[in-house]
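The following note sets out numbered points for a colleague who is new to reading protein models. Please keep the sequence and the structure in view while going through them.

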Amino acid sequence: MDRINKTFVKEFILLGLSGYPKLEIILFSLILVMYLVILIGNGILIIASIFDSRLHTPMYFFLGNLSFLDICYTSSSVPSTLVSLISKKRNISFSGCAVQMFFGFAMGSTECFLLGMMAFDRYVAICNPLRYPVIMSKVVYVPMASVSWLSGGINSIVQTSLAMRLPFCGNNVINHFLCEILAVLKLACADISLNIVTLAVSNMAFLVLPLLVIFFSYMFILYTILRMNSATGRRKAFSTCSAHLTVVIIFYGTIFFMYAKPKTQDRLGNDNLQATEGLISMFYGVVTPMLNPIIYSLRNKDVKAAVKYVLNWKAVKQLRPKGNVSL
């Protein structure tokens, strides 16, 4: 009898803000502009971190990874969101939903670890400056970034496979902009206790653990800065940390709202609450990646100089005659 009620879902329908058509047009324009800023801003940061020798340090290596991650994450979700907003095509295939969920969860998990490692890098640079080149050598920070990507990918494979193996009993309407894991779990017509447990473990490993590293790193950094005799040294130390700390506050403030308390099927909430959660999820998915390059560019002199160098280099290359190959 159970098998009769369990029909295979071939596609999902993403509601988004279908009840607010005028708001959808405004949202389409905003998201499109933000997406272009994300591609340009993060792209310039990646190019600058590669070609400017001043940025060949662990801190900017992690920043380059963060920029690449932001481009990957938004490119896996924003184009489909824009299409659904402008064309009213709200259906997404089962496999497409799984791919979107995988990339969203993988990029989010990886970013948590990267932010934690960036905080540790700042701790070593400020609290142990003489040992910094040894502790944060290339043979150390490259594997650190690799572990972030690998662990984020593995975590996402586990969460996505557990979510998409569930029966949905023909209920395929997702009250969200994206195939977000919590929104999909609400459609399942089976016990999701295992999913809740694995999400809780994932939250501990990818949210709480990096946050503890960030917290204690900045406690030691603050203690070291307050003991500095030079006001210039204190100002410089604060400026190198302020950009990262701002990004951490924005990122964790949003992601904790969505994932810190996994919801069961019984806590469906009303439509307004789910619409609000969808908008906050969109904030996390678009606004945060857009702000990252802006924050780091405004608060960091090295990044400013490198960005100017890249832009000037592009301008000179465009003005140079095609036949002139002299340096």
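1. The span 140–158 is 100% helix and 0% strand, and its end C-alpha atoms lie 27 Å apart. Helices here are DSSP runs of H or I with at least four residues, strands are runs of E with at least two, and both are numbered from the N terminus. Residues 98–120 are likewise 100% helix and 0% strand, with end C-alpha atoms 33 Å apart.

2. The model is predicted: local features need pLDDT of at least 70 and side-chain atom pairs count only at pLDDT 80 or more, while totals for chains, interfaces and linings use all residues. Residues are numbered from 1 along each chain as its sequence is written, and side-chain values use heavy atoms, with hydrogens and water left out.

3. The UniProt annotation "transmembrane region", from an unreviewed entry, covers residues 25–48, 60–78, 98–120, 140–158, 204–226, 238–259 and 279–298. Such annotations may be inferred rather than shown by experiment; the positions are given in the numbering used here, and feature names are shortened.

4. For the chain as a whole, the secondary structure comes to 11 helices and 3 strands, in the order α-β-α-α-β-α-α-α-β-α-α-α-α-α. Of its 327 residues, 48% count as buried; buried means under 20% relative accessible area, exposed over 50%, and partly exposed in between, with a 1.4 Å probe and protein chains only. Among contacts (heavy atoms within 4.5 Å) with a separation of 6 or more, 82% join residues 24 or more positions apart.

5. Which residues touch the most other members of the largest nonpolar core? They are Phe 62, Leu 63, Leu 115, Met 136, Ile 214, Tyr 252 and Tyr 296, in a core of 42 residues. A nonpolar core is a set of buried Ala, Val, Leu, Ile, Met, Phe, Trp, Tyr and Cys residues joined through side-chain atoms within 4.5 Å.

6. Tyr 252 deserves a separate look. Not counting residues up to four places away in sequence, Tyr 252 touches Cys 112, Leu 115, Phe 206, Leu 207, Pro 210, Leu 211 and Ile 214. A second, separate core has 25 residues, including Phe 12, Cys 179, Leu 182 and Ile 196.

7. Helix H3 can be checked for length. Its 30 residues should span 44 Å at 1.5 Å a residue, and the end C-alpha atoms are 44 Å apart, which agrees; the expected span is 1.5 Å times one less than the number of residues. H3 bends by about 35° at Ser 75, and Pro 79 follows within four residues. The bend is the angle between axes fitted to the seven residues ending at a residue and the seven starting there. After H3 comes Lys 88, whose phi is positive, near 65°.

8. Where does Thr 74 lie? Thr 74 is in helix H3 and is buried, with a relative accessible area of 0%. A polar atom of its side chain lies 2.8 Å from the backbone oxygen of Asp 70, and the side chain of Thr 74 also reaches the backbone oxygen of Ile 71 at 3.2 Å. Leaving out residues up to four places away in sequence, Thr 74 touches Tyr 35, Ile 38, Pro 79, Gly 285 and Pro 289.

9. Thr 110 lies in helix H4 and is buried, with a relative accessible area of 1%. Apart from neighbours within four places in sequence, Thr 110 is in contact with Leu 69, Ser 148, Trp 149 and Gly 152.

Definitions and conventions
Polar contact = N/O pair within 3.5 Å; in protein donor to acceptor, adjacent residues only side chain to side chain.
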